[in-house]
Amino acid sequence: MNDFGQFAKVQGSKLVPFLVTLVLYFSLVRKDPQGELWTTVLKCLPIVALMFYVVAKGISLKKEYRRSLWILLGLVFSSGGDALLNINLFPFGMISFGVAHVFYISAFGWKPVKWFIGIILYIAVTLFVYFVHHNLDEILIIGVPIYCYLITTMLWRSLARAVDSRTFLSIFCAIGAILFVISDALIAVTMFVGVPVPFARLQIMITYYAAQFAIALSTADDGPATQRSLRKKIK
């Protein structure tokens, strides 16, 4: 418990901008945005604050910070996706988030593979794509399946990493990946299936910001061996 308290104290100050921007967004954006500049800025600010966190906790071009670099790039493209979605450019926002997931996949790595997890997830996403594909048109009939397989791969790699290492940060990151899928699933069922979801925007944004927070926080143990000892302390 003391180790966790020390961890929270060290990382907490760097996360203050994220908490402040979260409060601003949920306090000021009370209804579905209509492409206004101010709502776009407020929507992107929490992700920008997470970029600040990844940089502030320590980052460089050295090999031991490679995961931080990939996740930082994922956050950059996520912020771009947020802006594009907010101004009703859904296909381009989806592409930006797809690139973000490629960076997250790179951050989580391919070892161990854990094929069983991947096969189960791919079967599930294939059924989902089959279920919604008749509601898609134009570029979405190609883009949505590609995006679905990308985010599923991201989830697979985060789960495989968590199952293997079983540290607090890797498990928390996997929970974040699950929340990311839930957030996007809520978007899909409201947009493509037409299922009414109570307080849809709130549910989508809460799960989304929680997901990005968990993924960004997973970089806390990146760095030299002295910093990586954090992995053992918070198991």
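Where does Pro112 lie? In this predicted model, Pro112 sits in the loop between helix H5 (90-108) and helix H6 (115-132).

Lys114 is not a glycine, yet its phi is positive, at about 55 degrees. The relative accessibility of Lys114 is 33%, so this residue counts as partly exposed. Another positive phi occurs at Asn88, with a value of about 65 degrees. Asn88 is not a glycine either. Asn88 belongs to the loop between H4 and H5. Is Asn88 buried or exposed? With a relative accessible area of 58%, Asn88 is exposed, because the cut-off for exposed is over 50%.

Helix packing comes next. Helix H4 covers residues 66-86, and helix H9 covers residues 200-217. The axes of H4 and H9 come within 10 Å. They cross at roughly 160 degrees. Angles over 145 degrees count as roughly antiparallel, and H4 and H9 are therefore roughly antiparallel to each other. The crossing of H4 past H9 is left-handed. Which residues of H4 and H9 meet? H4 contributes Ile71, Leu75, Ser78 and Asp82. H9 contributes Tyr208, Gln212, Ile215 and Ala216. Sorted by class, the contact of H4 with H9 contains five nonpolar residues, two polar residues and one charged residue.

H9 also packs with helix H2, which spans residues 16-28. Here the angle is about 170 degrees. The axes of H2 and H9 are 12 Å apart. This angle makes H2 roughly antiparallel to H9. On the H2 side, the contact is made by Phe18, Leu22, Tyr25 and Phe26. On the H9 side, the residues are Arg201, Leu202, Met205, Ile206, Tyr209 and Phe213. By class, the contact of H2 with H9 has nine nonpolar residues, no polar residues and one charged residue.

Leu202 is placed in helix H9. How exposed is Leu202? Its relative accessible area is 34%, so Leu202 is partly exposed. Between Leu202 and Gly118 there are 84 residues of separation in sequence. In space, the C-alpha atoms of Leu202 and Gly118 are 30 Å apart.

The cysteines complete the account. A disulfide is a covalent bond between the sulfur atoms of two cysteines. How many disulfides are counted here? The count comes to zero, with a cut-off of 2.5 Å between cysteine sulfur atoms. Cys148 is accordingly in no disulfide. The cysteine sulfur nearest to that of Cys148 belongs to Cys173, 20 Å away. Cys148 has a relative accessible area of 9%, and this residue is buried because the value is under 20%. Cys44 has a relative accessibility of 11%, so Cys44 also counts as buried.

Key:
Residues numbered from 1 in each chain as written. Predicted model: local features only at pLDDT ≥ 70, side-chain atom pairs only at ≥ 80, totals over all residues. Heavy atoms only, no water. Axes fitted to C-alpha atoms, helices over the stretch in contact; angles between N-to-C directions. Helix = DSSP H or I, 4+ residues; strand = E, 2+ residues; numbered from the N terminus. Parallel < 35°, antiparallel > 145°, perpendicular 65-115°, else oblique. Left-handed = near helix turned anticlockwise from the far one by under 90°. Contact = heavy atoms within 4.5 Å. Nonpolar A, V, L, I, M, F, W, Y, C, P; charged D, E, K, R; others polar. Buried < 20%, exposed > 50% of the residue type's maximum accessible area, 1.4 Å probe, protein only.
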